[in-house]
Amino acid sequence: MSLRTDTGASRRPPFDRLLIANRGEIAVRVARACRELGISPIAVHSDVDADALHVRAADRSERIGPAAAAESYLSIEAILDAARRSGAQAIHPGYGFLSERAEFARAVEAAGIVFVGPPPDALASLGDKLAARRSAAAAGVPIVPGTEVAVTDDLDLVAAVGLPVMLKAAAGGGGRGMRRVDTLDDLPSALATARREAHAAFGDGTVYAERLVSPARHVEVQLLGDRHGRLAVLGERDCSVQRRHQKLVEESPSPAVDEPLREALFDSARRVATTVPFHNAATVEFLVDGDGNHYFLEMNTRLQVEHGVTELVTGLDLVAWQIRVAAGEPIPEELRSAERRGHAIEVRCYAEDPYHGFVPTAGRIGAWRLPDGPGVRVDAGIEGDTDLRPEYDPLLAKLLVWADDRPAALARLRRALDELAIGGLQTDAGFLRWLVDDDAFVSGDYDTSLIETRWHDGPPLTDAEAALAARAALSARLDAPPTTTPRAAPAATPWAEAARRDGLRR
Amino acid sequence: MTDHDVRVGDEAVVPADGWTLAWDDRASGLARLIGPGRSIPVIVEGEGTDWTVTLHGRRIPVTVRSWRERILADAETEARTHSGPTTVAATLPGLVVAVAVAAGEEVAAGTSLLTIEAMKMQNEVRAPRDGTVLEVTVATGDTVATGAPLVRLA
């Protein structure tokens, strides 16, 4: 599972210092790539993150403001100040926060710092999903039938698309501001809600309508471009397991894609990439319907949360390549024809309650045991015995597995999920453990409705599970000394402690 | 037969026979249930009567009471349910984006009291029963944690 990074010791680092304008697992991930490239990683932190994992992964960290993201991780001025103070030559935005804000990319470049991402103009043009739809169609890429213009209160315009429709935010992405509408009666209120949500999330209430594609698979193609006009197509990822139109599980290759469809998707992705002045990592997202037709959804010119899936099947370090490409390095020929091997699956561990509609949970994380062993990778941004900050994304960790084929990858994922233990709050781990035994997921024949149609709020607790839980709690109570000391007395020596732990593990 | 009343949620449950609990780390609750020919990883958190057992990723609330504790608790519940104001609390953390009621207003069960935005989704908080609003303890723009009191109903 070693990543092919081509970072021999003789290679000169592309930068001396790089500032990571993010937090959590992705900031840790970028810091790791920096270290392997010989670059000194600089973190940024809000007041509540001063001791966070991502801060400790870096060589130094700059305070950028209070807990509220708007005044820290979303503050262009604070981040540029931090970059200047620390002498960073480049800024990696990660995903989320400022990663797709053209004005941020512009400000970074104006400050004489390299932005690890696409040219600002690409961000500006792709940020408008409605405009991106029009340019993709002009490039000969199929798009979902829908409105060519924004919908305000012209209901006939939407009706002409054909119900049911999906309302989407033009400034959106990531599933936010999306509303499904089945009947004309529901349309006015759905439109109002979608516009309000879009405005709250993006500061822009522009909404358009697309015909609902159902059943649908969500399949995306990973691209990497350099500053010399070269483009590498690095395979597809299937991201059809979603809640609230947001991804929970990703795999590559897609079980729904055969060779002809794969070629068609790659061809469409290349065409979309020609519509924007683009370099760096990008993802072109498609819906695939039951007949194997594909439709362009959107293009994201940043690192995706699920990039690790592609790294496992290609052996490439995408973050390292983002940084090298940003420094002007050309993409070598062998990378452009990189073959993909085996099967990779990622599951996202969120602080969410899958038994109650995946609502976010909060609190203090207690037990924290991550899986390990052959073919397992964990990208975590937090650790045990810490408070989960309600101000930020509830992603706790990404668990990735790789194996020769899909059945072996599923077996490995099942094993890894049994090793995973997160205490203190409800996570989606219960759903993920159910998923790896679900007939539809195991067969590979599933679509974006899997959670609604098969999970609901999870199966009821069985009598056997209740009896086991009862046994565990009763044993714990009878076992517990009636004192208030929560921790066992320290062992006499570290060796004795290690031996005791070893004995318990057996 | 045990001399304890063990409940999962509200339901009395007979603890599984032939299984014992082995701690991996008592402080954090990491443990295994060891049964006939197999072991299952669990997390056991809590103390006294209130426990949470995480099994296959699901947090299961378990109450373990001696019969004496059970009788006392039942008597207390009985006394509490007779009357008194109800506090409507946040079931998820988020941002209060709209407040639809004010103190003194009569509301019917199901009336929308306020809207909390979490994960960019708007979630309406509704009145659990008919009543009069005694107090609204939050305002638009407040960030609330799970369990935070929002509205008191008489």
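Which strand of chain B does strand S13 pair with, and over how many bridges? A few notes as you look around this predicted model.

1. To take that question head on: S13 (residues 131–136) of chain B pairs with strand S15 (residues 149–153) of chain B, in the antiparallel sense and over 3 bridges. For a spot to look at, find B:Val133, which stands opposite B:Leu153 in S15(B).

2. Now zoom out a bit. That pair belongs to an open sheet of 4 strands in chain B, in the order S8-S15-S13-S10, with antiparallel pairing. Strand S8 (86–89) and strand S10 (106–107) of chain B are the edges, each pairing on one side only.

3. Over in chain A, have a look at helix H4 (residues 102–110) and helix H5 (residues 120–127): they pack at about 175 degrees, with axes 8 Å apart. Angles over 145 degrees count as roughly antiparallel, so that is what H4(A) is to H5(A). H4(A) brings A:Ala102, A:Ala105, A:Arg106 and A:Glu109 to the contact, while H5(A) brings A:Pro120, A:Leu123, A:Ala124 and A:Gly127. By class, that contact has 5 nonpolar, 1 polar and 2 charged residues.

4. Then there's the contact between the chains, which takes 47 residues from chain B and 45 from chain A. On the chain B side, several strands supply at least two residues each, among them S1 (4–8), S3 (20–25), S11 (112–118) and S12 (121–126). The largest share of that side, 7 residues, comes from S5(B). Sorted by class, the side of chain B that touches chain A has 29 nonpolar, 10 polar and 8 charged residues.

Technical notes
Residues are numbered from 1 along each chain as its sequence is written. Chains are lettered from A and ligands numbered from 1 in the order in which they are written. This is a predicted model: local features need pLDDT of at least 70, side-chain atom pairs count only at pLDDT 80 or more; totals for chains, interfaces and linings use all residues. Axes are lines fitted to C-alpha atoms, for helices over the stretch in contact, and angles run from 0 to 180 degrees between N-to-C directions. Angles under 35 degrees count as roughly parallel, over 145 as roughly antiparallel, 65 to 115 as roughly perpendicular and the rest as oblique. Two residues are in contact if their C-beta atoms, placed from the backbone, lie within 7 Å. Ala, Val, Leu, Ile, Met, Phe, Trp, Tyr, Cys and Pro count as nonpolar, Asp, Glu, Lys and Arg as charged, and the others, Gly among them, as polar. Two strands pair if DSSP finds at least two bridges between them.
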